[in-house]
Amino acid sequence: MTLTTRPLGHVTLAGAGPGAAEQLTLAVARALEAADVVLHDRLVGPEVLEMIGAQALVIETGKQGFGPGMDQDAITALIVAFARTGRNVLRLKSGDPAVFGRLGEELAALEAAGIGFTVLPGITAASAAAARLGQSLTERGRNAEARLLTGHDARGYAESDWAGLARPGAVAAIYMGKAAARFIQGRLMMHGAAPETPVTLVENVSRAEERILAATLASLPQAAAELAGPAVILLGLAPRQVLRPQEIAI
Ligand code: SAH
């Protein structure tokens with residue numbers, strides 16, 4: 001008697017970038033063409049989804065960061081189940097899969113199931129947004145570190161090193177920060193941040209509906225109330241003067 005086992009599939013966990021197809025890496029573009037099954041988050045841009053090969057089964061998981069959607073365990077189970085059928089599975093996340101993308105949980109499940117994987121990086125929202133402002137996330141003499149924060153985590157508004165972030169020159173990219181804007185403003189002010197500290201909100205970066213809202217720490221809550229789509233809040237950065245005509249000051 002011969003026992004045949006179907007070879008396990010392979011899972012590629014890839015970053016789709018902030019939305020525009022031109023911000024994809026070539027590796028991810030190739031993975032989109034080659035996949036048998038694509039499971040993607042809600043924030044993956046429509047231009048990117050159009051690049052998926054016609055043969056692929058496409059499933060939207062709805063999940064984004066810590067937001068609502070398909071339960072993370074259900075998503076993970078689905079990825080593992082498809083891979084077990086020998087398929088070439090592409091797990092597609094917006095931005096970079098390693099930034100607020102629950103990558104670790106999915107990799108742990110694949111490891112436990114003995115399924116091989118590849119991680120392909122993408123352009124994270126902070127990088128794309130800083131590029132639009134014509135600003136550097138780190139700059140000699142100003143800030144030797146830049147932080148990536150989330151506005152909230154599984155327990156509610158997320159705590160951070162507010163004293164460090166309140167220092168002049170501090171730069172942070174705040175993801176999922178809309179609902180937490182007033183909380184973040186309060187914490188920073190409490191730790192001595194200047195109300196005139198520049199804060200720029202970049203909404204739908206790289207997409208047709210992109211908007212840049214130039215605000216200050218004092219006007220952050222009003223600016224956040226204007227947001228309708230996904231936005232990254234850049235604390236400590238203002239758009240360069242040359243970009244001023246395109247942006248909205250709040
Ligand atoms: N992995 C993603 C982040 C996922 S968390 C990345 O690396 O970019 C979801 C948050 O990402 C959103 O709440 C928003 O803060 C940010 N984001 C994602 N796409 C964006 C876009 N096109 N423009 C602005 N912010 C975006």
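## Report on a predicted model and its ligand site

At 23% relative accessibility, F100 counts as partly exposed, a class that lies between buried (under 20% relative accessible area) and exposed (over 50%), judged with a 1.4 Å probe and protein chains only. The structure is a predicted model, in which local features need pLDDT of at least 70 and side-chain atom pairs count only at pLDDT 80 or more, while totals for chains, interfaces and linings use all residues. Residues are numbered from 1 along each chain as its sequence is written, and side-chain values use heavy atoms, with hydrogens and water left out.

F100 lies in the loop between strand 4 (88-93) and helix 4 (103-113). Helices (H or I, at least four residues) and strands (E, at least two) are DSSP runs, numbered from the N terminus. The phi of F100 is positive, about 45°, although F100 is not a glycine. As a general rule, most residues other than glycine have a negative phi. Along the chain, F100 and A126 are 26 residues apart, and their C-alpha atoms are separated by 12 Å.

**The ligand**

Around the ligand there are 19 residues, of which S94, D96, V99, T124 and A231 come nearest. A residue counts as near a molecule if one of its heavy atoms lies within 4 Å of it. The shell is made up of 12 nonpolar, 5 polar and 2 charged residues. In this scheme Ala, Val, Leu, Ile, Met, Phe, Trp, Tyr, Cys and Pro are nonpolar, Asp, Glu, Lys and Arg are charged, and the others, Gly among them, are polar.

| Residue (backbone N or O atom) | Ligand atom | Distance |
|---|---|---|
| D96 | oxygen | 2.9 Å |
| N204 | nitrogen | 3.4 Å |
| V232 | nitrogen | 3.5 Å |

The protein covers 96% of the 540 Å² of accessible area that the ligand has on its own. Accessible areas come from the Shrake-Rupley method with a 1.4 Å probe, and for residues only the protein chains shown count as cover.

**Strands 10, 11 and 12**

V232, listed in the table, belongs to strand 12 (231-235).

Two strands pair if DSSP finds at least two bridges between them. Strand 9 (171-175) and strand 12 pair in the antiparallel sense over 3 bridges, and I174 stands opposite I233 in strand 12. Strand 10 (198-203) runs antiparallel to strand 12, with 5 bridges joining them. T200 stands opposite L234 in strand 12, whereas the bridge partner of L201 there is I233. Strand 10 is also joined to strand 11 (211-216) by 6 bridges, again antiparallel, and L201 stands opposite L213 in strand 11.

S206 is found in the loop between strand 10 and strand 11. At 19% relative accessibility, S206 counts as buried. The phi of S206 is positive, about 75°, although S206 is not a glycine.

In helix 5 (residues 125-133), A126, A128, A129, A130 and L133 are buried. The buried residues of the helix pack against strand 6 (146-150), strand 9, strand 10, strand 11 and strand 12, where contact means heavy atoms within 4.5 Å. Helix 5 is followed by G134, whose phi is positive, near 70°.

A166 has its place in the loop between helix 6 (162-165) and strand 9. A166 is buried, with a relative accessible area of 10%. Leaving aside residues up to four places away in sequence, A166 touches L188, H191, G192 and A193. The C-alpha atoms of A166 and T138 are separated by 16 Å, and these two residues are 28 residues apart along the chain.

Technical notes: Polar contact = N/O pair within 3.5 Å; in protein donor to acceptor, adjacent residues only side chain to side chain.
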